[in-house]
Amino acid sequence: MTKAFEPLFQLEWEGACRALSMVLGNPVEATLTETQALDDLQGWLTSLEDDLWMAIGEYSQGPKNPRALLISAAHMSPLADLMLGGQASSSANDPSDLSDLQLGALGEAVNQLFSGAAQEISHATQRPVEVSNPILAALDGDVLDASLPTPIVVATLRLTINANTPLNLTLYWLTHQSDAEALDNTLSGSEEAKAQPINQGTKAQMSDSELMNSLGVTFAQDPEPLPDLSGSTAGIAAGVAPKTATTGAVSVRPVQFTSFDNQMSSMGEEHQNLGLLLDVQLNLAVELGKTELPIRDVLALSRGSVIELDRIAGEPVDLLANGRLVAKGEVVVIEDHFGLRITNILSPAERLQGL
């Protein structure tokens, strides 16, 4: 019964992988290893040996019930390292030892997975699907059961992040069976979507290489065959649309692209509308240091008083843009004015740490 929902999970996690891949800057691929229906959620949770954490995403539009994502606690520290621009550590720390910065990075990773899945369903069904920011917390079976009552369909996924130090995660994606059935019927029953051509060609007439070109996917070498969804396992690569294998012609989900009017598509490259921000003013300030004083010391201040700051002489000072630390530098004198020579611009991970 649950094999009927595999194309749905493939579709959701295609979008989830793409979203997480853009944030990490590394390829992300998910493999659907198993789907099963549950009438006893508590019994299934008890059978799992891993110490799990959960994230529950509430939908304001689209599916009636929340989605839930379970992740092994042993994988949280390596994933946080990748989110912060480092390498996945081989040792698994206790989640209770994670810093607020690491937990914030993990929350952003989970948010990208939920948002990518919701966006892909929205594109496929041509209906708005919005999901609230999921909150990552230690697994509570009672909370999960109350948020997502049975019957539940569980998809077990193997998530691979191909960074310098590859990271393999085991995830559990929980969906209420009624939502899975409704979305599956919507996806399979859209005759208009089935008849829509892709780049002036029909699905049955296009070869695999032509299909990849129409989707904007390029390969350094000859492309491998598209995944077969007819079996119990299937791979989902970030940025590649899944193909459903049947006994007849190949069926491919139609893809619609929005024109970006010659804008660069790679993340981090310039866009034409960037010029709209060029005359926006920022308040730049140089902070020599700071200190804390009790009220009695402040009241005792007079002309000639000296306040000791938390910086030593010669230490770099901070450059703030609208109150946010963006760079460090050293004070210089330009004619009769003070100036700042920038010696270090903060990396994205360092700026995230300062939030």
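A salt bridge here is a side-chain nitrogen of Lys or Arg within 4 Å of a carboxyl oxygen of Asp or Glu. Okay, with that in hand, let's go. What we have is a predicted model, in which local features need pLDDT of at least 70, side-chain atom pairs count only at pLDDT 80 or more, and totals for chains, interfaces and linings use all residues. Residues are numbered from 1 along each chain as its sequence is written, and side-chain values use heavy atoms, with hydrogens and water left out.

So, how many salt bridges does the structure hold? Six. I'll walk you through some of them.

Start with glutamate 12 and arginine 67, whose side chains meet in a salt bridge at 2.8 Å, N to O. This pair links distant parts of the chain, with glutamate 12 in helix α1 and arginine 67 in strand β4 (residues 67-72), 55 residues apart. When I say helix or strand, I mean DSSP runs, numbered from the N terminus: H or I over at least four residues for helices, E over at least two for strands. Are those two residues buried or exposed? Both glutamate 12 and arginine 67 are buried. For us, buried means under 20% relative accessible area, exposed means over 50%, and partly exposed is in between, using a 1.4 Å probe and protein chains only.

Next up, arginine 18 and glutamate 120, with side chains that meet in a salt bridge at 3.1 Å, N to O. Here too distant parts of the chain are linked: arginine 18 is in helix α1 and glutamate 120 in helix α4 (residues 100-125), 102 residues apart. Arginine 18 has 28% relative accessibility, so we call it partly exposed. Glutamate 120 is at 6%, so that one is buried.

One more pair: glutamate 330 and arginine 341, where the closest N and O atoms are 2.2 Å apart in the salt bridge. Glutamate 330 lies in strand β14 and arginine 341 in strand β15, so the bridge ties together parts that are eleven residues apart in sequence. Glutamate 330 is partly exposed, with 33% relative accessibility, and arginine 341 is partly exposed as well, with 49%.

Now, helix packing. Two packed helices are described by the angle between their axes and the distance between the axes. Our axes are lines fitted to C-alpha atoms, for helices over the stretch in contact, and the angles run from 0 to 180 degrees between N-to-C directions.

How do α1 and α4 cross? Their axes come within 7 Å and cross at roughly 130°. That makes α1 oblique to α4, because angles under 35 degrees count as roughly parallel, over 145 as roughly antiparallel, 65 to 115 as roughly perpendicular and the rest as oblique. The contact (heavy atoms within 4.5 Å) involves α1 residues including Leu8, Leu11, Glu12, Trp13 and Arg18, and α4 residues including Gln112, Leu113, Glu120 and Ile121.

Among the residues making the contact are Met76, Leu79 and Met83 of α3, and Gln102, Leu106 and Ala109 of α4.

While we're on these helices, a couple of serines. Serine 21 is in helix α1 (residues 6-24), and at 16% relative accessibility it counts as buried. Its side chain reaches the backbone oxygen of asparagine 26 at 2.8 Å. Serine 122 sits in helix α4 and is buried, at 17%. Leaving out residues up to four places away in sequence, serine 122 touches Arg127, Pro128 and Val129.

Which peptide bond is cis? The one from threonine 150 to proline 151, with omega near 5°. Proline 151 is in the loop between α5 (141-147) and β7 (152-161).

We also have positive phi values in residues other than glycine. Asparagine 322 has phi near 50° and is in the loop between β13 (317-321) and β14 (324-334). Glutamate 335 has phi of about 55°, is in the loop between β14 and β15 (337-345), and is exposed, with a relative accessible area of 73%.

Terms used
Polar contact = N/O pair within 3.5 Å; in protein donor to acceptor, adjacent residues only side chain to side chain.
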